[in-house]
Structure formats: C-alpha cells, structure tokens
Amino acid sequence: MAHHQWLPEFWMTVPFIGLLLSIAILPLVAQKFWHLLRNQALVVAFFSLPVIYLCLVYNSHLLVTGLEHYLSFVILLGSLFIVSGGIRLAGGLMSTPIANMGMLALGAVLANLIGTTGASMVLIRPFLDSNGYRKHHIHLPIFFIIIVSNIGGLLTPLGDPPLFLGYLLGVPFFWTLKLFPLWAVALISLLGVFCLIDARAFDKEPERQQQKAKSEKPVVLKGKRNLFCLVGILVAVFLPPPLREVLMVAAALISLRITPRNYHKANGFSFYPILEVAILFLGIFITMEPALEILYLRGGELGFQFPWQFFWATGLFSMFLDNAPTYLTFVTMAQGLGLGGPYVNVPEGILAAISTGAVFFGAATYIGNAPN
C-alpha cells in the first residue's frame, strides 16, 4: 500500500516527543507564557512544521489522513463541549455520601451519551457546589475525574475520544458494549471505595454542617432545548463525512444561539478550554505520524503479542501522552503484527485491552484526557 511505503528514521519522532514534553512541562514551569493561546500555537508550529515538510516530501497521504482524523475528532469534542455548556443543573442537590455516589454513577452513564467532556461540563459545578460547605472534600474531584471524566465513557465511541478514533478507523459503533463487564466491575469497585471514603469524611463534619447536606430545594434542569442539539450530534455520528461534521457544527451553532448567556455564565463556560485542546491536538496529530508509521512497520520487533501487554503499555503511555494518540499508537502497533481480526485488522482481545487501557488510565494525569 502507498500509505506504508515510507519508513521514517527514529530522529523524525523528536518533534513528537518534544511537543509532548512541552505540554507536560511548560504549564508547570512557565504558567504565564503557556496560558496564552498564541504561545501554545507557536510551540505547536515549531514542532509541527518539520514534520509537515517531511510528510510532504516522503508521503503526503499520512498528513492528509492525520488531518482528517483530527478534524472529526476536534469537531466532536467541540460540539459536545459547546452544547453541554448550555445545560445546567440548578437547585438544591443533596450531598450525603449516598447522594454523591449517585451523582457519580449518573455521570458515568451520562458520559456514554454526551461524552466524558459533556458529562464533566454538566455535572462538575453542581457536584462541587453542593459539597462546598464541607471541610473534608479533597477526594471529591479526584473520584469525579476518575469515574465521570474517564472510565464512565467506556461503552460508546461518544464516551471517550480514543473510542471515537477507533470508530473513525472502522470499529463498529456498538462494539464497545462488549466492554460492559469491565466497565461494571471498575465502576462498582470505585463507587464502593468512594462511598467508604466519603462516609468517613462526612462523619468528621460538625453536625450543623451535616444538616446542609439535605436540601429541600427542587432540582431544576435548565437549557433543555440543548438536548435536541445533543440528539443531533448523536445522529450525526452515524452519517458519513463530511455530512457528519457539518451536522455537528450546526448543532453547536444552534446551541450558542438558543442558550441564554446567564446559563453559560453559571457554568463558567468559555471557549478557552476547547481552543486549547484544538491547538494542542493539531500538533499531536501532525507530529505523531512518523511515530505511527514506524510502529506499523516495525512494531512487531518490540515483542508485544498478548492483550495484557497492550493493556498495561497503553495505560502507562496514556498517563503522559493523552489517551487519544496513545490509542492510535498501539492500534497501529497491533496492526503491524499481522495477526488479523474482524475489525481494523486487530484481534478483539487486543483491541479490548487497548480500548480499556486508554480509557481507564487517562485519569492518572491532567494530560491523560481532555476533561481532566
């Protein structure tokens, strides 16, 4: 195939490694510099331009394919981010340990319908605000990130970005439902641990503080018109490109038009987070192409053969690489083994291991998954 006639040299992966290190280090050591989107774009351009040149010289098809995947990926994330940003839970949410556990369970289910990004946007503020009176609450955002922003989205391509990339590659939309046993075991275990920790923390609160956990105010869902936009995005997923992307963009624009500004303000909505994701992932999708090609053509030399190897390797790399490009990386490696399989030329056991590792371990760092 023309797609795989070029074997890049290892030094051509340096821009990819450099960009990832920049994303990991610069927010910590140069926060003011990194906070400006213009500077992020400059860093991305610095590392991307050499790879663009190499691809244009040796195999332009790689660059075109990477940009096609990027556009579909970022349009899905962006549309879900915008539409969910117009939906708001208001009123008096209970914040007892059982109620908190129920909120996390709801978020895990919701993540499969509107994505981990959407579910996080809708629920994180109500979840934290309802527990704002508590002194012992450091565990709350941690479990929210693990459950709602990551493992909850294992069951559909809408749920977590890596799975949507798998769908773009040719994995059937409903194949991820086969991962339900893994999802259920992880979710039940984490919710059980959370309930024990939260109950212990709740018991440390003074009695007058505990009374604030039981609100009598009704809970109201505001921005219900955006639910129709979410349905539009869900329908669009099953359409061929570019109609799929056009409908997603249309749903996002309609949401912006019909959502009152005070809903966005209450949700702390701004375009900065999704613009940051769009800029950084443009660089990632470009610079990773030589690395992907090397793994496809020479990945078999690394000795990976069994699902457990792919699970742990995908998980560990997802912590520092972001789980979406990590998913692509190890699917490409698995394809290079030539083992065959019903979908994307990868055995189902290995595909399940890569999918689960990417989704689960993306919770380990703020780099691991966009909602973090």
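## Largest pocket

A pocket is an open set of points, on a 1 Å grid over the protein atoms alone, where a 1.4 Å probe fits and protein lies on both sides within 12 Å along at least five of seven lines; lining residues have an atom within 4 Å of a point. This is a predicted model, in which local features need pLDDT of at least 70 and side-chain atom pairs count only at pLDDT 80 or more, while totals for chains, interfaces and linings use all residues. Residues are numbered from 1 along each chain as its sequence is written, and side-chain values use heavy atoms, with hydrogens and water left out.

The largest pocket holds about 980 Å³ of space, a volume being the space filled by probe spheres set on grid points joined across faces, edges and corners. Its lining has 37 residues, and Pro 273, Glu 276, Ala 370, Pro 371 and Asn 372 lie nearest the centre. Two or more lining residues come from each of α1 (14-29), α4 (60-84), α5 (97-130), α6 (139-147) and α13 (272-287); helices here are DSSP runs (H or I, at least four residues), numbered from the N terminus. α13 gives the largest share, 8 residues. The lining of the largest pocket divides into 25 nonpolar, 8 polar and 4 charged residues, where Ala, Val, Leu, Ile, Met, Phe, Trp, Tyr, Cys and Pro count as nonpolar, Asp, Glu, Lys and Arg as charged, and the others, Gly among them, as polar.

## Second largest pocket

The volume of the second largest pocket is about 590 Å³. It is lined by 24 residues, with Phe 16, Ala 291, Leu 295, Phe 317 and Thr 329 closest to its centre. At least two lining residues are supplied by each of α1, α14 (289-298), α15 (307-321) and α16 (323-336). By class, 19 are nonpolar, 3 polar and 2 charged.

## Packing of α4 and α7

The axes of α4 and α7 (residues 161-169) come within 10 Å and cross at roughly 135°; axes are lines fitted to C-alpha atoms over the stretch in contact, with angles running from 0 to 180 degrees between N-to-C directions. α4 is therefore oblique to α7 (angles under 35 degrees count as roughly parallel, over 145 as roughly antiparallel, 65 to 115 as roughly perpendicular and the rest as oblique).

In the contact (heavy atoms within 4.5 Å), His 69, Ser 72, Phe 73, Leu 76 and Leu 77 of α4 meet Pro 161, Phe 164, Leu 165, Leu 168 and Leu 169 of α7. These residues comprise 8 nonpolar, 2 polar and no charged.

## Backbone features

Pro 241 and Pro 242 are joined by a cis peptide bond, with omega about 0°. Pro 242 sits in the loop between α10 (226-237) and α11 (243-258). Val 344, in the loop between α16 and α17 (348-361), has a positive phi near 50° although it is not glycine.
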